Amino acid sequence: DINAVFAAIDIGASSGRVMLGRVSPSTGVSLETIHRFPNGVVELDGGLHWDFDALFAEVLKGLTAAASVAATNGERIVSVGIDTWAVDYGLVNKAGELTAQPYSYRDERSRATVGRVHAVISPEKLYATTGLQYLQFNTLYQLAAEPNLDGVQALLIPDLIAFLLTGERRTEATNASTTGLFDAVKGEWATGFLDALGLPRSIFPPLIQPGETVGTLLPAILKQTGLPADATVVAVGSHDTASAVAAVPADGDDFAYISSGTWSLVGVELDAAVLTEASRSANFTNERGVDGTIRYLRNVGGLWLLSECQRYWAAQGLSQSLPALLEAAAALPAGGPQINADDPAFTAPDNMPDRIRAAVRNTGALLPDRPAAVVRCIMDSLAAGYARTLADAERLTGRSTSVVHIVGGGSQNRLLCQLTADATGKSVIAGPVEATAQGNVLAQARAAGVVAGGLSELRALVAAGTQLVRYEFRDAFASQSGGS
Ligand code: LFR
């Protein structure tokens, strides 16, 4: 069906988009951005939340525009797929109403509940079953902070959007794996943990796998958007990182990947979870990928550090274009000060340049109060974090990798890509920037029978449709010894 097109809703921590994806077995995926909108945490009643109502209104705007573009082209929207960041949820009551705007994982309320959860289930026991990295904001710690869960269900953000579009309540499996309440080996809810923590077994709706149909659209949604009555919502890797990893344009399986955006998700793909104590103490996660794969990775700091600095500088009247900032940063010598980009001290929104300078001071070094120096420090620190994490992933899995794929926004950051090649000593292949949306669209296209095969066939399609950029290792210190 050459007229088949797919709508992808892809919402990240700083922006969202609705895209139309066209897939052909020979030329791969082509994406058309239909609607783009900002996202960010908002302070409400003293907590950090997402303005979900506003996001959903933008989703409907985007779907409406998508329906009209497709109609104009004589195309048929077969399905809609949804992905967002992980972990967070909205509470929905029996009447199907959202009881409050969802909290953001950047809110600190779960800091106080981690100890309570661990007193019931030790971190060792949690890891042996869930294989999930410890992050203070994992869903189970957030749920422990809820004052009242009577008569409500927790719908993860993409599942909440799917529910509002279809009336069907499901939990998509890749995102379920980030809750801390999902058994990484069995691929089912860890009901023993739900019981132990006093959570109702029905706190989450039943699981659904990528490729399965969530449902058709509610009459009111059809009316409002103009989407065709036979269009469905299809489950994709609804955890954005799962969709991004599915669309890493790798050839073979000896690759590492970095999904580089607000966060950097750095790791390898495995067939089976690694639940060893060494893996736990290195805080590697075994999140679920599309087709039941394991995303064995760590959350490393990300471009959040940079975007928060830019936000701060703009408020000070110091705004500079990103290309100019990166160019000035690239001109600085290698070997400058570094921070630990993973430090939770950087999680909340606040004065980022000051926090970075303070972290450098704590290492006994000094960071000049100039944007270019701060940006260079961020880039050096991220690249060093990537290299450390990849070395750990290889050690903990006994695998060696020959190439590092960088996908997402960071793949367009030439300084970061080059520094990553330098720090890891490996070739870096950068692109596509919209891996997440491509993974979303490909899961739908495969479900519709437009393309066939496993992840390697899907990846070949991504490679066919992307201009990839290659970076090779340079010895930074050698090349500088004659110059500056
Ligand atoms: C990336 C991401 C990460 C997850 C973090 C919080 O967008 O989904 O994978 O750890 O956001 O949900």
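**Exercise 1.** Against which elements do the buried residues of α17 pack?

*Solution.* The structure is a predicted model, in which local features need pLDDT of at least 70, side-chain atom pairs count only at pLDDT 80 or more, and totals for chains, interfaces and linings use all residues. Residues are numbered from 1 along each chain as its sequence is written.

Step 1. Helices (H or I, at least four residues) and strands (E, at least two) are DSSP runs, numbered from the N terminus. A residue is buried if 20 or more other C-beta atoms, placed from the backbone, lie within 10 Å of its own. In α17 (residues 455-464) the buried residues are L455, L458, R459, L461 and V462.

Step 2. Viewed down the axis of α17, these residues fall within an arc of 155° (taken over the directions from the helix axis to the C-beta atoms), so they line one face of the helix.

Step 3. Their packing partners are β3 (28-38), α9 (240-246) and α16 (435-447).

**Exercise 2.** Identify the residues with the most contacts inside the largest nonpolar core.

*Solution.* Step 1. A nonpolar core is a set of buried Ala, Val, Leu, Ile, Met, Phe, Trp, Tyr and Cys residues joined through C-beta atoms within 7 Å. The largest has 145 residues, and A7 and L442 have the most contacts inside it. Helix α14 (residues 371-397) gives the most to this core, with 13 residues.

Step 2. Leaving aside residues up to four places away in sequence, L442 touches V23, V29, A246, A247, V451, L458 and L461; contact requires C-beta atoms, placed from the backbone, within 7 Å.

How values were computed
A residue is buried if 20 or more other C-beta atoms lie within 10 Å of its own, exposed if 12 or fewer, and partly exposed in between; C-beta atoms are placed from the backbone. Two residues are in contact if their C-beta atoms, placed from the backbone, lie within 7 Å.
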